[in-house]
Amino acid sequence: MSGAALGLEIVFVFFLALFLLHRYGDFKKQHRLVIIATLLAWYLCFLIVFILPLDVSTTIYNRCKLAVNSSPPENNGSYITLAPSKQKCFKPWSYIPNGIMPIFWRVVYWTSQFLTWILLPFMQSYARSGGFSITGKIKTALIENAIYYGTYLLIFGAFLIYVAVNPNFNLQWNQLQTIGIAAANTWGLFLLVLLLGYGLVEIPRSHWNGAKRGYLLMKTYFKAAKLMTEKADAEENLEDIMEEVRKVNESIKYNHPLRKCVDTILKKCPTEYQERMGRNMDDYEDFDERQNSYPSEKSLVKLHKQVIYSVQRHRRTQVQWQILLEQAFYLEDVAKNETSASRQFVHTFQSQESENKFFQYFYTPTVEWYWECLLRPWFYRVLAVVLATFSVIVVWSECTFFSTKPVLSLFAVFIQLAEKTYNYIYIEMACFLTIFFLSICVYSTVFRIRVFNYYYLASHHQTDAYSLLFSGMLFCRLTPPLCLNFLGLTHMDATISHKNTQPTAYTSIMGSMRVLSFIADGFYIYYPMLVVILCIATYFSLGTRCLNLLGFQQFMGDSEMTSDLIDEGKELIRREKRKRQRQEEGENRRREWKERYGNREDSTRSRAVHTDQKESSFSETNTNRPLSKYTRSNGRTERDRIELLQDAEPLDFNADSVNDDPLESESGR
C-alpha cells in the first residue's frame, strides 16, 4: 500500500475539480486555455487539502522511528530490553516513502504560485480584451498588468537595495526565498481570516434556515424581484449595444479594411440579432468615395469587449431566471404537500429534464413526501447543529493555539491523544475533517461573494472566463496560509509548538519563519484572533445592514423595502406560473386532439391517396375509351368541382362597387 493512497487521492481530486469546473464553466464556448488554467489552479489547491493529512501521519511515523532509534536500551541487570515505544511504532497503511513528499510539495506549491502571481492575472486581461488578433490581446494584457507587476517589482527591488546597503543583514538565497513565501502567506492570511469569519457563521445558519420552508420561499420571492430588475437591465443594455453594432454594420461596407473586425463582432452577437442585421451587401460603393466618418479600430475593440460582456450577462440572467422559477415552484409545491392526507408528493409541473428510471423506481412520490416534508427539515437542523459545534471549536482553537503548556487547542489535543496510541486512521480522519471544514468555510465564501458584475461564480455553466480565472487566483493564494493555519491549530508546526521535532514535509519547503520574527511571533499568532470579531459581525448581519443602508437591497426581515420586494417577487412568480399553466393546457389540448382525431385524419388521407391512385391507373388504361358507367361518382364530383373553380372569374376587391353586369365588371378590370 506504499504510495497507493497518494495515487488514489491524486486521481480522485482531479475528477472532483473537473466536476466543479464543469458545473460553473462552459467547456464548449470558453477558450481551452482558460479551462486548462482554471482546472490546474483548482486541482492543485484541492490536492494540497487532501494530501496534507497523509503528510501528517507520515511525519508522526518518522518521529516515532527517530525516537526509537535515539532511545537507549534499558538495562535490567541480567538482560537488556528496548524501549517500550519501539513496540508501538508501526508503519501506517498510507505511508509515503521518504523523499517523495518534499518533491511533491515543492512542485505543487511553486506551480500554484506561478499561476496566481504571473499567469492567471495575464490571462484575465487577455480574456477581457476586445482585440481581434492574438497580438492585440497580448499587447492589451501587458499594458493592463504593467502597473500590477511594476508595483511588486518596485517593492522587491527596494527591499533588495536595503539588504545590500545594510551591513547587519547577510541574507542567503534560501532566506530570500523564505521572505518571499512569508510575504505571500501574509497577504493570503489577511484575506483568509475575513472569509473564514464569514463562513464559520453563515454555513451553519444557512443550513438551519434551510429547514424553514417559509423562510426559503420568502427569500426566493425576494431574489426573484432583484433578478427581474437585473434581467431587465441586461436586456436593455444588450439592446443598446446591438443598436451600436447595427450602426457600425451599416456604415462599414464590404470592402472596408475594418470589415473583418465587424464580422468578428457580429459572430459574437445572438443569432436573432445576426439574422436581423446581416451583412449590408446591397450597396457596392467604395468606402472612400464618400466622406463619411468611420469608427476607428480602437472604438471597434471597445465595442467588441462590450458585446462579449453584454451577451454573457444577458445569457446568464436568462438561465438564472429559469432556475429561480423552478426553485420557487418547488418550494410552493412543498408548502402545499405538507398538509396532504395522501402522503404522496404531487408536483404542479412535471420536470422538463428526463429523470433516471432507476432513481424514479426508488424515489417514489411517497418516499419523496416523507423526505421533503418530514425528514429533510430535521436533517438540516441536525447538520446545522453539528456545523455550529465545529465552528465553535475552530474559533476557540484559533484564539488559543499559541498556548503549548497547557495545550488549549482542541484539535491539537485530539491529534496528540491519537499520536500516543499511533492510531493513524484516527489521525488522518481527524486531520481531514478539520482541514476539510476549514476549506469549506473559506471556499464556499469565494463561491458566494459577488463583486458587482465583475466577479461572480454562477452555476449551470454561466460563469465567464474572468471570474473563473479570478477564482483560481484566490484559491492559489488562500490555500497555503490555510494549510499553515491548520498545522498551527494541530501543533504540527514547530514554530507554534516550540519543539525540536521533525517538521512535516509541507512545513520544510516553507522554510523557517524565524527570519522574520515579527511575522512568525506576531502576525501569524495574534491576527487569527480577529476571527472572533468577524464571527460576531456576521452573526448580527452588520455587513448586510451596511450594504442595505448604502442602497444595495439585502434580505432583511425587519425592512420595509424587503417586504415590498417580496410582494413584487410573489406577483412575478404567480404571473409566470399562470403563463406556464396556459402553455401546458394548450399542449394537453393539442395532444388530446391528436389522439382523438389523428387516426381518423390519417385514415381519410390514406383513403384519398388510394382513390387517386386507382383513378389515375384507370384513366391511363382507358385513354381512348369513353368513360365507363361504373366510374365512382365522388371522383366525378371532385373533378367537376376542380373545373368549376378553374373557370370561375376572380372578384376585383379593389373596385369601388361590385356590379352584376359582367361587361361593366370586365371594363372596370
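A salt bridge is a side-chain nitrogen of Lys or Arg within 4 Å of a carboxyl oxygen of Asp or Glu. With that in hand, welcome to this structure, which is a predicted model.

## The overall picture

The protein has 669 residues, and buried residues make up 38% of them. Its secondary structure comes to 23 helices and 4 strands. Among contacts with a separation of 6 or more, 77% are between residues 24 or more positions apart.

## Charged pairs

Side chains of opposite charge can pair when their charged atoms come close. A search of the whole structure finds 12 salt bridges.

| Salt bridge | Closest N and O atoms |
|---|---|
| Arg 450 and Glu 230 | 2.6 Å |
| Lys 231 and Glu 235 | 3.2 Å |
| Arg 376 and Glu 372 | 3.2 Å |

Which parts of the chain does the pair of Arg 450 and Glu 230 link? These are distant parts: Arg 450 sits in strand S3 (residues 450-451), while Glu 230 belongs to helix H7 (residues 213-251), and the two are 220 residues apart. Arg 450 is partly exposed, at 34% relative accessibility. Glu 230, by contrast, is buried, with a relative accessible area of 14%.

Lys 231 and Glu 235 both lie in helix H7, where 4 residues, about one turn of the helix, separate them. Is Lys 231 buried or exposed? Its relative accessibility is 12%, so Lys 231 counts as buried, since buried means under 20% relative accessible area. Glu 235 has 30% relative accessibility and therefore counts as partly exposed.

The pair of Arg 376 and Glu 372 is found in helix H12 (residues 365-400). Because these residues are 4 residues apart in that helix, about one helical turn separates them. Arg 376 counts as partly exposed at 23% relative accessibility, whereas Glu 372 is buried at 5%. Elsewhere, salt bridges that share partners join Glu 230, Arg 316 and Arg 450 into one network.

Helix H7 covers residues 213-251. An unreviewed UniProt entry gives residues 224-251 the annotation "coiled-coil region". In the model, the chain over residues 224-251 is 100% helix and 0% strand, and its end C-alpha atoms are 40 Å apart.

## Backbone details in the loops

Most residues other than glycine have a negative phi, and most peptide bonds are trans.

Lys 405 and Pro 406 are joined by a cis peptide bond, with omega about 0 degrees. Pro 406 lies in the loop between H12 and helix H13 (410-421).

Tyr 422 is not a glycine, yet it has a positive phi of about 55 degrees. You can find Tyr 422 in the loop between H13 and helix H14 (424-448). With 13% relative accessibility, Tyr 422 counts as buried.

His 461 also has a positive phi, of about 65 degrees, although it is not a glycine. The loop that holds His 461 runs between strand S4 (455-456) and helix H15 (465-489). His 461 counts as partly exposed, at 31% relative accessibility.

## Nonpolar residues inside and outside

How many residues does the largest nonpolar core have? There are 97, and those with the most contacts inside this core are Trp 42, Trp 105, Leu 200 and Tyr 506. Helix H2 (residues 32-70) contributes the largest share of the core, 22 residues.

Trp 105 shows how separate stretches of the sequence meet. Beyond its neighbours within four places in sequence, Trp 105 is in contact with Ile 48, Ile 51, Leu 52, Asp 55, Ala 505, Tyr 506 and Ile 509.

On the surface, Val 451, Phe 452, Tyr 454, Leu 547, Leu 550 and Phe 552 form a nonpolar patch. Together they have about 620 Å² of accessible area. One of these residues, Leu 547, lies in helix H20 (residues 542-549). Leu 547 is partly exposed, with a relative accessible area of 36%.

Notes
Residues numbered from 1 in each chain as written. Predicted model: local features only at pLDDT ≥ 70, side-chain atom pairs only at ≥ 80, totals over all residues. Heavy atoms only, no water. Buried < 20%, exposed > 50% of the residue type's maximum accessible area, 1.4 Å probe, protein only. Contact = heavy atoms within 4.5 Å. UniProt positions renumbered as here; feature names shortened; annotations may be inferred. Patch = residues over 30% accessible without salt bridge, like charges linked within 9 Å, V, L, I, M, F, W, Y side chains within 5 Å. Areas by Shrake-Rupley, 256 points an atom, 1.4 Å probe, with all protein chains shown as cover. Core = buried A, V, L, I, M, F, W, Y, C linked by side-chain atoms within 4.5 Å.
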